[in-house]
Amino acid sequence: MGLPLFPPEHDPGPDFVGLLRLTTDRADLPARAGGAAGSGLPVDVPHGTTVVALRYADGVVMAGDRRATAGNIIAQRDIEKVFPADRYSAIAIAGTAGVATEMVRLFQVQLEHYEKVEGVALTLEGKANQLAQMVRTNLGMAMQGFVVVPLFCGYDISRGEGRIFDYDVAGGHYEEADYQAIGSGGTYAETAIRLGFREGLTRDEALELAILSLYEAADADSATGGPDVIRGIYPVVATVTAEGYARLTDEDVATRFEVIVERRRASGGDAGGTLR
């Protein structure tokens with residue numbers, strides 16, 4: 001039996017539920033009408049994007065914007081997408097916000113439970129494998145449209161360096177050498193990072209590059225939230241080093257955004273992705 005062929009206007013692409021809808025007569029599939037645009041969900045549910053991570057000389061920087069959308073509506077302006085997994089690792093989420101947040105909480109509990117029972121913490125690769133199993137467990141819901149795709153990073157004490165892992169919806173996980181960005185604005189954020197990244201970035205350079213990448217993503221992607229000066233809402237930015245997880249204050253992030261905005265204003269609004 002060969003694979004079904006569809007004309008371009010009806011091709012479901014990577015939408016598995018859409019493929020079932022075209023090739024079966026099942027009545028229990030989620031309807032597109034009323035759901036998030038292109039998601040196949042029966043209802044609008046909040047989705048979170050965009051998150052990034054990049055390595056620097058002392059560890060890893062992880063950052064995420066604060067906007068959650070439900071279709072074309074801003075569902076929440078101050079959602080948090082970056083969390084400490086334990087002392088030496090961090091997790092960021094993109095996808096269905098409610099499911100993702102619960103996954104993070106369970107992941108945090110599992111890491112703490114393992115350490116208390118075994119008396120030692122999991123290795124960084126062990127933590128990445130544990131998270132992969134949790135993502136794989138969610139595959140059934142992902143096939144219905146409730147997708148969760150995390151980004152995981154940490155400081156590997158045995159190697160003395162920061163490491164980054166990203167995931168696919170089936171639970172496959174892959175180590176990224178230097179940086180990664182996921183979510184609806186991930187392409188724009190990754191491009192900004194690529195333009196400014198180099199080996200051995202200092203902490204300040206890495207922080208500026210992460211914040212700049214979110215600025216560029218928000219400028220091009222409506223689902224990504226930029227700095228909200230009126231409400232005082234700024235992206236969550238954190239570092240993971242040999243000293244552990246540390247989150248920047250909103251005041252620090254706001255100051256760094258002001259530098260980027262002033263630089264952009266001075267250049268007449270032209271993109272200037274590289275660091276000075």
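Q: Are H5 and H6 parallel, perpendicular or oblique to each other?
A: Start with the ground rules. This is a predicted model, where local features need pLDDT of at least 70, side-chain atom pairs count only at pLDDT 80 or more, and totals for chains, interfaces and linings use all residues. Residues are numbered from 1 along each chain as its sequence is written, and side-chain values use heavy atoms, with hydrogens and water left out. Axes are lines fitted to C-alpha atoms, for helices over the stretch in contact, and angles run from 0 to 180 degrees between N-to-C directions. Angles under 35 degrees count as roughly parallel, over 145 as roughly antiparallel, 65 to 115 as roughly perpendicular and the rest as oblique. Here the axes of H5 and H6 cross at roughly 140° and come within 7 Å. H5 and H6 are therefore oblique to each other.

Q: Which residues make the contact of H5 and H6?
A: Contact means heavy atoms within 4.5 Å. H5 brings Tyr188, Ala189, Ala192, Ile193 and Gly196, and H6 brings Leu209, Ser213, Glu216, Ala217 and Ala220. For classes, Ala, Val, Leu, Ile, Met, Phe, Trp, Tyr, Cys and Pro count as nonpolar, Asp, Glu, Lys and Arg as charged, and the others, Gly among them, as polar. The contact of H5 with H6 then has seven nonpolar, two polar and one charged residues.

Q: In which hand does H5 pass H6?
A: A crossing is left-handed if the near helix is turned anticlockwise from the far one by less than a right angle, and right-handed if clockwise. H5 passes H6 in a right-handed crossing.

Q: At what angle do H6 and H7 pack?
A: At about 65°, with the axes of H6 (residues 203-220) and H7 (residues 250-266) 10 Å apart. H6 and H7 are therefore roughly perpendicular to each other. H6 passes H7 in a right-handed crossing. On the H6 side, the contact includes Leu207, Ile211, Leu212 and Tyr215; on the H7 side, it includes Val253, Phe257, Ile260 and Val261. Charged residues take part as well, among them Arg203 and Asp204 of H6 and Arg256 and Arg263 of H7.

Q: How do H2 and H3 cross?
A: At roughly 140°, with the axes of H2 (residues 97-118) and H3 coming within 11 Å. H2 and H3 are therefore oblique to each other. Their crossing is right-handed. In H2, Met103, Leu106, Phe107, Gln110 and Leu111 meet Lys127, Gln130, Leu131, Met134 and Val135 of H3. By class, that is seven nonpolar, two polar and one charged residues.

Q: How many helices and strands does the chain have?
A: Helices (H or I, at least four residues) and strands (E, at least two) are DSSP runs, numbered from the N terminus. The chain comes to seven helices and 13 strands.

Q: What share of the residues counts as buried?
A: Buried means under 20% relative accessible area, exposed over 50%, partly exposed in between (1.4 Å probe, protein chains only). Of the 276 residues, 49% count as buried.

Q: Which residues of the largest nonpolar core touch the most other members?
A: A nonpolar core is a set of buried Ala, Val, Leu, Ile, Met, Phe, Trp, Tyr and Cys residues joined through side-chain atoms within 4.5 Å. In the largest core, of 27 residues, Val52, Leu54, Val61 and Val237 touch the most other members. Elements giving two or more residues include strand E2 (51-56), strand E3 (59-64) and H7. The largest share, nine residues, comes from H6. A second, separate core of 20 residues includes Leu124, Ala128, Met134 and Phe165.

Q: Is Thr241 buried or exposed?
A: At 9% relative accessibility, Thr241 counts as buried. Thr241 lies in strand E12 (residues 236-241). Leaving out residues up to four places away in sequence, Thr241 touches Tyr56, Asp58, Gly59, Tyr88 and Tyr155.

Q: Where does Ile79 lie?
A: In the loop between strand E5 (73-76) and strand E6 (82-86). Ile79 counts as buried, at 9% relative accessibility. Ile79 and Gly48 are 31 residues apart in sequence and 7.9 Å apart in space, C-alpha to C-alpha.
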